[in-house]
Amino acid sequence: MSESRTGVLAPAARRWDYGDFPYGLEPLVMPPCGPQTAATVQPFDLLAVYEVERALIDAEPVGDGVEPSTSDVLYWFRWITGHQVTFLLWHLMAAHVTAIGDGQVADDSTLASLESYTDGYSAMLHYSGSCPVEVYQALIRPRLYLQHRGFSGVWAADFAPLRRLLRGYEQPWMTGPGGARLAAAVDANRTAHEALAARLVPDGKSLLQERAPGTVVRPSARSTALFDNMFLTLRAPVDRDAVLAQLFRRLRAVRVDLLTNGLLPDGSDDDWMADVFRQVVASALTDRERLAR
């Protein structure tokens with residue numbers, strides 16, 4: 001791997017504190033969603049960690065000089081953790097979209113939050129898919145295939161409430177400057193998604209399109225469980241603070257990774273991603289304050 005971009009090791013108190021080892025993974029616990037059976041796990045210590053993560057997310061992280069042992073370790077961490085961040089962002093977005101569908105006004109603050117979360121999702125597309133094509137084809141795609149021959153993102157239960165919005169269908173509540181900015185963020189997200197798919201799967205055929213005849217691929221409780229299991233995601237009745245704690249914790253780990261390794265091997269400037277993360281955190285805290293009133 002490349003040398004640390006900071007050039008020095010950080011103090012012990014600032015070293016990697018995510019997972020059991022550098023670039024290790026953590027399970028994600030999400031509220032039940034979509035076609036699922038009753039939750040079979042109970043939240044562990046998540047309800048007690050919001051204030052800790054809230055304080056730490058304000059501190060600017062530093063690259064701690066701890067590099068991954070192999071490129072596979074790095075890119076598998078990014079693939080799983082980047083998707084977990086995406087699921088958390090989808091959950092926050094879905095809360096707004098569902099509330100609007102129930103009659104809540106899509107005011108400027110709501111539209112700004114949806115824009116921030118959409119930008120965060122776009123950033124995670126770049127992060128999760130930052131691996132070389134060779135790594136995706138040799139490491140990631142085979143694992144998806146082993147999970148299910150027709151493994152597909154359409155099984156993501158947290159995406160379902162956002163399907164029309166994120167696929168670019170016009171929403172009547174996306175009005176004014178805030179609505180225009182959200183529409184632009186959605187367009188940028190779709191462009192990023194298409195570019196990522198074209199780069200990682202040059203022949204354009206997903207596992208869903210290559211599935212064996214007769215393979216069942218319809219979204220169901222089973223396919224949702226298979227999808228969640230792939231990304232170490234459990235379902236339990238956790239509250240919003242537990243969701244935010246998990247989001248902030250992962251964003252900190254991603255920032256340390258980027259400061260240590262950079263987004264791409266060529267050293268391309270990725271400071272823009274830190275700006276996106278700050279907007280995501282600000283929107284999440286603003287939403288929390290509004291709900292507390």
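User: At 35% relative accessibility, what does L232 count as?
Analyst: Buried means under 20% relative accessible area, exposed means over 50%, and partly exposed is in between (1.4 Å probe, protein chains only). At 35%, L232 therefore counts as partly exposed.

User: What kind of model is this?
Analyst: Residues are numbered from 1 along each chain as its sequence is written, and side-chain values use heavy atoms, with hydrogens and water left out. Local features need pLDDT of at least 70, side-chain atom pairs count only at pLDDT 80 or more, and totals for chains, interfaces and linings use all residues, since this is a predicted model.

User: Where is L232, and what is its phi?
Analyst: L232 sits in the loop between α8 and β2. Helices (H or I, at least four residues) and strands (E, at least two) are DSSP runs, numbered from the N terminus. L232 is not glycine, yet its phi is positive, near 55°.

User: Within what arc do the buried residues of α8 fall?
Analyst: In α8 (residues 221-230), S223, T224, F227, D228 and M230 are buried. They line one face of the helix, because, by directions from the helix axis to the C-beta atoms, they fall within an arc of 160°.

User: How are α9 and α10 oriented to each other?
Analyst: Axes are lines fitted to C-alpha atoms, for helices over the stretch in contact, and angles run from 0 to 180 degrees between N-to-C directions. The axes of α9 (residues 240-261) and α10 (residues 271-292) come within 11 Å and cross at roughly 165°. Angles under 35 degrees count as roughly parallel, over 145 as roughly antiparallel, 65 to 115 as roughly perpendicular and the rest as oblique. α9 and α10 are therefore roughly antiparallel.

User: Which residues of α1 make the contact with α10?
Analyst: The axes of α1 (residues 50-57) and α10 come within 12 Å and cross at roughly 140°. The two helices are therefore oblique to each other. On the α10 side the contact uses V281, L285 and R288. On the α1 side it uses Y50, E51, R54 and I57.

Notes
Contact means heavy atoms within 4.5 Å.
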